[in-house]
Amino acid sequence: MEEEKSLFENKTLYTKELYLEFSKFHLRKRSLITAIPLYICMAIMTLSSILLIVLNLDISAGIAFLILSLAVILIYIFLPNISVSKILKFDKTFENTENKYEFYEDYLFAENKYGSTKVDYNDLYKVYETKNNIYIYINSTQAFLVSKSGFDSKLDEVKEFLKNKFKERYIEK
């Protein structure tokens, strides 16, 4: 019996930078759902604090609102960095591990030095394409991180193949 040949192959080195990109993306992928209410709350709190200070109604409450607004914004900005640093501090297996992906007609084969897995495309959750990467989600929280630069063939062909396989589950960001 003839061995099945992969359509596309990819080698992606998992680095801290790749994890950080993914973490930022994952945190903000539902940007319209989470970011708009957050920004509205931040605007209301900031405006309230400015009004309290300017109108001399309650300067201490105004300053407290302002500090709280800044704290929430800083947490939103730095949360991905903190979470990635914690993961890599306690689990060194992910950083600098090369993952090899083979794309076949009906399934994806992924392997690294720790093991391998074969997943039918129908069993995968969604695919998100960003400027530098393709995130193939296994479920709503876990994904294969696939660097676009790691493909051995034309990226346009790979993207077209994935778009046809995943249809509305393929999302370009």
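Visitor: How much of the chain counts as buried?
Guide: Of the 173 residues in this predicted model, 34% count as buried. The accessible surface comes to about 11,000 Å². Carbon and sulfur atoms hold 60% of that surface.

Visitor: What elements does the chain contain?
Guide: It has 4 helices and 8 strands. From the N terminus on, the order is β-α-α-α-β-β-β-β-β-β-α-β. Among contacts between residues at least 6 apart in sequence, 60% join residues at least 24 apart.

Visitor: Why is glutamate 102 called buried?
Guide: Its relative accessible area is 10%. The cut-off is under 20%, so glutamate 102 counts as buried.

Visitor: Why is lysine 100 called partly exposed?
Guide: Lysine 100 has a relative accessible area of 24%. Partly exposed runs between the buried limit of 20% and the exposed limit of 50%. Therefore lysine 100 is partly exposed.

Visitor: What makes glutamate 102 and lysine 100 a salt bridge?
Guide: Their closest N and O atoms are 3.2 Å apart. The rule asks for a Lys or Arg side-chain nitrogen within 4 Å of an Asp or Glu carboxyl oxygen. So the pair qualifies.

Visitor: What about aspartate 106 and lysine 165: why does that pair count as a salt bridge?
Guide: The closest N and O atoms are 3.7 Å apart. The limit is 4 Å, so this is a salt bridge too. The pair links distant parts of the chain, 59 residues apart. Aspartate 106 sits in the loop between β2 (97-103) and β3 (107-112), and lysine 165 in helix α4 (residues 155-166). Lysine 165 is partly exposed, at 23% relative accessibility. Glu105 joins Asp106 and Lys165 in a network of salt bridges.

Visitor: Which salt bridge does glutamate 129 form?
Guide: Glutamate 129 meets lysine 159, at 3.1 Å from N to O. This pair also links distant parts of the chain, from strand β5 (residues 126-129) to helix α4, 30 residues apart.

Visitor: Are glutamate 129 and lysine 159 buried or exposed?
Guide: Glutamate 129 has a relative accessible area of 6%. Lysine 159 has 16%. Buried means under 20%, so both are buried.

Visitor: How many salt bridges does the rule give?
Guide: The count comes to 6.

Visitor: Which side chains of β1 are buried?
Guide: Phe8, Asn10, Thr12 and Tyr14 are buried and point to one face.

Visitor: What makes β2 mostly covered?
Guide: In β2, 5 of its 7 residues are buried.

Visitor: Which residues touch the most other members of the largest nonpolar core?
Guide: They are Tyr101, Phe103, Tyr135, Ile136, Phe144, Leu145 and Leu162, out of 29 residues. Elements that each supply at least two core residues include β1 (8-14), α1 (16-28), β2 and α4. Beyond its neighbours within four places in sequence, phenylalanine 103 contacts residues including Phe8, Leu108, Tyr121, Ile136, Phe161 and Leu162.

Visitor: Why is threonine 130 called buried?
Guide: Its relative accessible area is 12%. The limit is 20%, so threonine 130 is buried. Threonine 130 lies in the loop between β5 and β6. Leaving aside neighbours within four places in sequence, its contacts are Phe25, Tyr135, Lys148 and Lys173.

Key:
Residues numbered from 1 in each chain as written. Predicted model: local features only at pLDDT ≥ 70, side-chain atom pairs only at ≥ 80, totals over all residues. Heavy atoms only, no water. Buried < 20%, exposed > 50% of the residue type's maximum accessible area, 1.4 Å probe, protein only. Core = buried A, V, L, I, M, F, W, Y, C linked by side-chain atoms within 4.5 Å. Contact = heavy atoms within 4.5 Å. Areas by Shrake-Rupley, 256 points an atom, 1.4 Å probe, with all protein chains shown as cover.
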